[in-house]
Amino acid sequence: MLAILLKTLPFFAVIGTGFLAGRFRFITPEATGQLTKFVFYFALSAMLFGFAANLSLAEIWSLPFVLAYTLATGLVWALVLAVGLMRGTGREAALFEAHTGVIGNVGFLGIPMLALLLGPGAVGPVLLVLAVDLIVFSSILTLLITLFRSGRVGPETLKLLAIGLLKNPMIVSTVLGMAWGATGHSLWPPVQEYMVLLGAAATPCALFAIGASLAGRKPDRPLVAAWLSFAKLVLHPAAVAVAALLIFPVEPYAAGVMIAAAALPVAGNVFILAQHYGVAPQRVSTAILISTALSVLTVTAVIALLEMP
C-alpha cells in the first residue's frame, strides 16, 4: 500500500499546493475560476479527444459495465436520498445530497490519475463512467428539480437538457474523438502533437484548480457532509464492487477501474449545480472539502486492494 500511496501522493500534493495558494491569496477566486475554465474548455477537452481518438467503440462500450455501474450508483443514490428525507431534509436538498453521494471527480482527477496508476487501458472504462454520470444521473437531477418546481417536465425541459449535454466540452470532445477513431485514420502528426501539448496542461492545472477552489469554502453541517463523504468514498465503491464482480459479467480489469473511479471524491460540478439551483451549496461544498482530504487514503486503499493478487 505504501508504494501506491507514494504514486498517488503527488496528485494530492498538487491539490494541497493549490489550496495553500488560494488560502494565502497567491491566487484569487477570480483567477481560480479562469484557470478552471481553461482546463474545462481547452486542456481537458484536448486530453479527452486525444484519448478517445485512439480508442475504438469496442474498447469503450460495454453493456454489462454500464448496467453494473448504473445499478450500484442508483442504489447508493436512493439510499442517500432516503436518509435525507428521513432526517426531515427538504426534497430538493435531499436530492442534492443523493447526487453528492455518487458523483465523483472523474474528469479533473480520475482520468489523469487512474490512467497513470492503472495504465492507459483504464481510459476507456473511465470515460464510460464519466458518460453515465453526466448523461444519466445529472439528467435525473435536472429533471426532478424541474418537476419539483414546475410540477411538470415538458418538451422545453428536455430541449434545455439536450442543449446542456451538447454544450458540455467533456461530452463533445469524447464523441468527436470517438468519431475520428472510427475512421481508422491516425491524427495528422502536428494535430496529435498539439493535442498532447495542450492536454498535458490538464492534469496539473486541474489539480491546482481543485485545491484553490477549496480554499475559500467555509464548513457547513459537517456531520451531514461527513455522511455524504462516507457514502461517496466507501458505500459507492463497495456497491460498485458487488455489482461488477458478483452480479454482472464485467471483465476484471474494467471492473477494477470502475471501482477505483467510484472511490473518487465528490466532483466540483455538483457544487456548481447546487449554486445554480440555490440548493444547499455550502453543504455540498463541505462534502467536497472533506471527501477530497480523505480520498488520499481511501483511493490509495482501494487501488492497493485492486492490485492484490
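Biologist: Let's start with Asn105: is Asn105 buried or exposed?

Modeller: Bear in mind that this is a predicted model. Asn105 lies in the loop between α5 (91-100) and α6 (106-118). Its relative accessible area is 9%, and buried means under 20%, so Asn105 counts as buried.

Biologist: Thanks! Which residues does Asn105 touch, not counting those up to four places away in sequence?

Modeller: With residues up to four places away set aside, Gly110 and Ile210 are among the contacts of Asn105. The others run from Leu264 through Pro265, Val266 and Ala267 to Gly268.

Biologist: Good to know. How do the residues of the contact of α4 with α5 divide into nonpolar, polar and charged?

Modeller: The axes of α4 (residues 63-86) and α5 come within 8 Å and cross at roughly 145°, in a right-handed crossing. From α4 the contact takes Trp77, Val80, Leu81, Gly84 and Leu85, while α5 supplies Arg91, Ala94, Leu95, Glu97, Ala98 and His99. Gly counts as polar, and Glu and Arg as charged. The division is seven nonpolar, two polar and two charged.

Methods. Residues are numbered from 1 along each chain as its sequence is written. This is a predicted model: local features need pLDDT of at least 70, side-chain atom pairs count only at pLDDT 80 or more; totals for chains, interfaces and linings use all residues. Side-chain values use heavy atoms; hydrogens and water are left out. Helices (H or I, at least four residues) and strands (E, at least two) are DSSP runs, numbered from the N terminus. Buried means under 20% relative accessible area, exposed over 50%, partly exposed in between (1.4 Å probe, protein chains only). Contact means heavy atoms within 4.5 Å. Axes are lines fitted to C-alpha atoms, for helices over the stretch in contact, and angles run from 0 to 180 degrees between N-to-C directions. A crossing is left-handed if the near helix is turned anticlockwise from the far one by less than a right angle, and right-handed if clockwise.
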